[in-house]
Amino acid sequence: MSNIVTMIPVRMASTRLPNKPLLDINGKSLLQRVFENVKKTVPGDVYVAAGDQVIVDACAEFGAKAILTDPNLPSGTDRIAAALKEIDPEGKYDIVVNFQGDAVNVNPEINNQLIEIVERTGCDIATVGMIFDKPEDIEQPSNVKIVMGLREGEDEARCLYFTRAAAPFVRNPETCKNQDFYHHIGIYVYRADSLKKIVELPVGVLEDRERLEQLRALENGMYIRAKLVNNLTLNNKAPADIDTPEDLEEARKWIK
């Protein structure tokens, strides 16, 4: 039985939505709602990896355990690794779930599926993909694609590459059996030792070129596996996460 910890990386800095973690959604802050969703769904301990003291103080008010980390850390991955080092110097945790602090409408149940994949396959990282429905979305560089080989009936595979380009190319559309493109969703479950390794590695050549952190792991021979899902949300009318004032208003409309 694995020892599991979920880390929720949160910081106050947000150019599009100031003070985002503590904004109210029908009587509870965004962060509190995320924490409660995770706490009741994912096994093991749950911590908030906070970039600001005000977040630590807010967590104390609604009963969440929070670790104050350097506000200047470059990514959420670095933040959860720093918090893990603080709470677990002896290495008791085997698996670390990274759950984004604005993912108020993402169903945490997907993380249980990713935990099972890590335990079953021994991969370093498990993540999530979805099949693109709209061809025009494939061409958008902001939509990251997973390159992996899935046969008919399969819904998970080893990730061979991540890219902002439209890949893989279909050379013979008339004979190719699988012409799906897979949209990468930034949900991650790590083996704890793999998380510690990633943040110690230098920025990768391809990582720097595509500005995709997960390529650092692939460049260093690590094993990433992706699970295809059809739906990520708890309420299909509300946005999965909160990035803009419009998202916040939609969340307030649908999330009770």
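Visitor: How much space lies in the second largest pocket?

Guide: A pocket is an open set of points on a 1 Å grid over the protein atoms alone, with protein on both sides within 12 Å along at least five of seven lines. Points are joined across faces, edges and corners, and a volume is the space filled by probe spheres set on them. Here the second largest pocket holds about 420 Å³. This is a predicted model, where local features need pLDDT of at least 70, side-chain atom pairs count only at pLDDT 80 or more, and totals for chains, interfaces and linings use all residues. Residues are numbered from 1 along each chain as its sequence is written, and side-chain values use heavy atoms, with hydrogens and water left out.

Visitor: Which residues that line the second largest pocket are the closest to its centre?

Guide: Lining residues have an atom within 4 Å of a point. There are 20 of them in this pocket, and the closest to its centre are Leu 150, Arg 151, Asn 178, Gln 179 and Tyr 182. For classes, Ala, Val, Leu, Ile, Met, Phe, Trp, Tyr, Cys and Pro count as nonpolar, Asp, Glu, Lys and Arg as charged, and the others, Gly among them, as polar. By that rule the lining has eleven nonpolar, four polar and five charged residues.

Visitor: How many cavities of 30 Å³ or more does a search of the whole structure find?

Guide: A cavity is a set of points where a 1.4 Å probe fits but cannot get out. The search finds one of 30 Å³ or more. The largest cavity contains about 80 Å³ of space. Among the residues lining this cavity are Thr 77, Ile 125, Tyr 190 and Arg 216. Helices (H or I, at least four residues) and strands (E, at least two) are DSSP runs, numbered from the N terminus. In those terms, α8 gives the largest share of the lining, three residues.

Visitor: Which strands pair with β4?

Guide: Two strands pair if DSSP finds at least two bridges between them. Strand β1 (residues 4–10) is parallel to β4 and joined to it over six bridges, with Pro 9 opposite Ala 49. Strand β5 (residues 65–68) also runs parallel to β4, over four bridges, and Tyr 47 has Lys 65 as its bridge partner there. Between β4 and β5 the chain passes through helix α2 (residues 53–62) in a right-handed β-α-β crossover. Right-handed means that, with the strands pointing away from the viewer, the path from the first strand over the helix to the second runs clockwise.

Visitor: In what sense does β6 pair with β1, and in what sense with β11?

Guide: β6 and β1 are parallel, with four bridges, and Met 7 is partnered by Asn 98. β6 and β11 are antiparallel, also with four bridges; there Val 96 faces Tyr 190.

Visitor: Is Phe 99 buried or exposed?

Guide: Buried means under 20% relative accessible area, exposed over 50%, and partly exposed in between (1.4 Å probe, protein chains only). Phe 99 has 3% relative accessibility, so this residue counts as buried. Phe 99 lies in the loop between β6 (95–98) and α4 (109–121). Contact means heavy atoms within 4.5 Å. Leaving aside neighbours within four places in sequence, the contacts of Phe 99 include Met 7, Pro 9, Val 38 and Asn 111. Val 38 is 61 residues away along the chain, yet the C-alpha atoms of Phe 99 and Val 38 are separated by 8.1 Å.
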